[in-house]
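Here are a few quick notes to go with the model. Have the structure open as you read.

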Amino acid sequence: MNATKQTLIAEIEKRVSDKILEQTNADLLIKLINNADSLDEAINIAALGTTYKRTGLHFDKRLEKMSDTIKYFKKNEALSFHTDDSKPTHKLIIGDNYEALQNLLIQYRGKIDVIYIDPPYGKDSMGEFAATNYNNAITRDNLLSMLYPRLTLAKQLLSDEGVIFCSIDDKNQAYVKCLFDEVMGESNFVSNSIIVNNRGGRDYGGIAIQHEYLIIFAKNIFEYELNPIDDAEKIFQYSDEIGGFNLMELRNRNVKFNDKNRPNLFYPFYLNPNKKDKNGLFEISLEKDDQFCIEVLPAISQGIQTVWRWGKEEKARENLNKVIFGKENQNGGYMIVQKYRKTTKMQRSIWDEKEFVNERGTESVKDILGSGIFAYPKSTYLIKRVFELSTKHDSIILDFFAGSGTTGHAVLDLNRSEAKEGDLLNEKTPEGNRTFILCQLNEKTDTTPNGIAYDVTSKRLKRIMTGECYDGTKDFEWIKKNKPYGGNLDVYEIESVSNFEWTEGKTPFDVIDETLYGKEKFANIKEKIEWVCGNFDKTQKYLEQQKTEE
């Protein structure tokens, strides 16, 4: 059975155990999903059978249009480019993101580390998509209906440690949050962060709105971990030959000493009162002698005997007079302290930095592509912060509402920012190796007559990665102030082929290129047929018919 169908059935069975669905209704849904002719049909059945009792969210569901054609990736050689094989190869997929996500599952199921999306907020944001898919404007029902199957597929793309971020405005935030609760699970909710994207506010309607939201969910709340971020405002009270530091007591206030509770953390240090450095710190020892003659034990606090943070035979001996020192306390006695060099902090739930405002996004796109070509792009600094929090050196990042390509720009910039020249104390650090996958519908607007993907997304990536546009011109402001990022971009478009196509050279087995899905070329047609039929579910009828005739 198709892995996505199995996931849909598992979700329905979970709803039975959660007492959201009756067993008899679930049995009927599972039967229908098992007999569905395609993955599209199975997802639509699951959507119709969804009852949102946990969140109270109700909306009039609009279904994706069904067809008998197979959607597949075809490489656009004219828009693709390679500058350096030692750098990552990123992807831009032009076409409906629902079809893009279905195709991405073939190669990336459970492999995407971070997803960021900035979906359309209002009825005029989707252009051609609204007419072709729902035959009306993007109302809230349509927004939620459009997001539901895409989030269902996106969840399957996420790794077990993966995280998804969704930007949304204040009008739709509550409804989209409820939808995420249903698809991702309420227990996997991380944060509903406030992004101050307009410090002055929009001065109309009685209250000047200054913010929007960033909804954050983990694939599994027990598996994910966010990174601390650099604290640019960090001020250290002390310094040495390595750099700045502060002091913190080595005493652990949270552990009470007794013979049975961590006895290895209770022992004396011995301090030399005649050897003090410029920071007022005394040398210490674990053995008493004529020089190291003052005994210092963990303090008694509110009648409780505390202990040290480190065991004597572990880090204490190793870090003696490197990290651990003695210091005079306010009462004329002595205490044991450790140097504390932490230069990071935890991200707060209110993201209020001047570089996060929408104006920065507008300025960036203007410098790269000119003014007035794309409305309301996100700040590259904001999206870079998202990835600073959530990615590792070699993470895979997906954005299936790519717009102007800010996500790609942010990934490239973060990769570069990790590169550091070495010095006497630190080795040279290479650039990051993160890769991005962007999906963008090529909808046409007054300012993008060839479509957003052609006129904005691909052009932005080409210019910032190579320093020139596709026609070889270099007359844009960004390149005057920045060095191109380099790297490689494969551009795919979504093509269609009938699952009943028999013409030689035009069958699904002829036109689908397995190398675009991370596979080596198959050695024979039998292997190719089995792979296509196992991954492009609309070919199943074709295969059954072919076997019958044979």
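**Notes on the predicted model**

1. Let's begin with Y376, which is exposed, its relative accessible area being 69%. You'll find Y376 in the loop between α9 (358–369) and α10 (380–390). Have a look at its backbone too: phi of Y376 is near 55 degrees, a positive value in a residue that isn't glycine.

2. Keep in mind that this is a predicted model. Mean pLDDT for the protein chain comes out at 86, with 87% of the residues at 70 or more. One stretch to treat with care is 123–137, where pLDDT is below 50, although the model gives this stretch 36 contacts beyond near neighbours in sequence. Residues 541–550 also stay under 50 in pLDDT, and here the model has 14 contacts beyond four places in sequence.

3. Is N321 buried, partly exposed or exposed? Its relative accessibility is 29%, so N321 counts as partly exposed, given that buried means under 20% and exposed over 50%.

4. Now for helix α1, which covers residues 3–17, 15 residues in total. From first C-alpha to last, α1 reaches 21 Å, close to the 21 Å expected at 1.5 Å a residue. Its buried residues are T4, K5, L8, I9, I12, R15 and V16. Viewed down the axis of α1, these fall within an arc of 140 degrees, so they line one face of the helix. As background, an α-helix has 3.6 residues a turn, so residues three or four places apart point the same way.

Technical notes. Residues are numbered from 1 along each chain as its sequence is written. This is a predicted model: local features need pLDDT of at least 70, side-chain atom pairs count only at pLDDT 80 or more; totals for chains, interfaces and linings use all residues. Side-chain values use heavy atoms; hydrogens and water are left out. Helices (H or I, at least four residues) and strands (E, at least two) are DSSP runs, numbered from the N terminus. The expected span of a helix is 1.5 Å times one less than its number of residues. Buried means under 20% relative accessible area, exposed over 50%, partly exposed in between (1.4 Å probe, protein chains only). The arc is that of the directions from the helix axis to the C-beta atoms. pLDDT is the predictor's confidence in each residue, from 0 to 100. Contact means heavy atoms within 4.5 Å.
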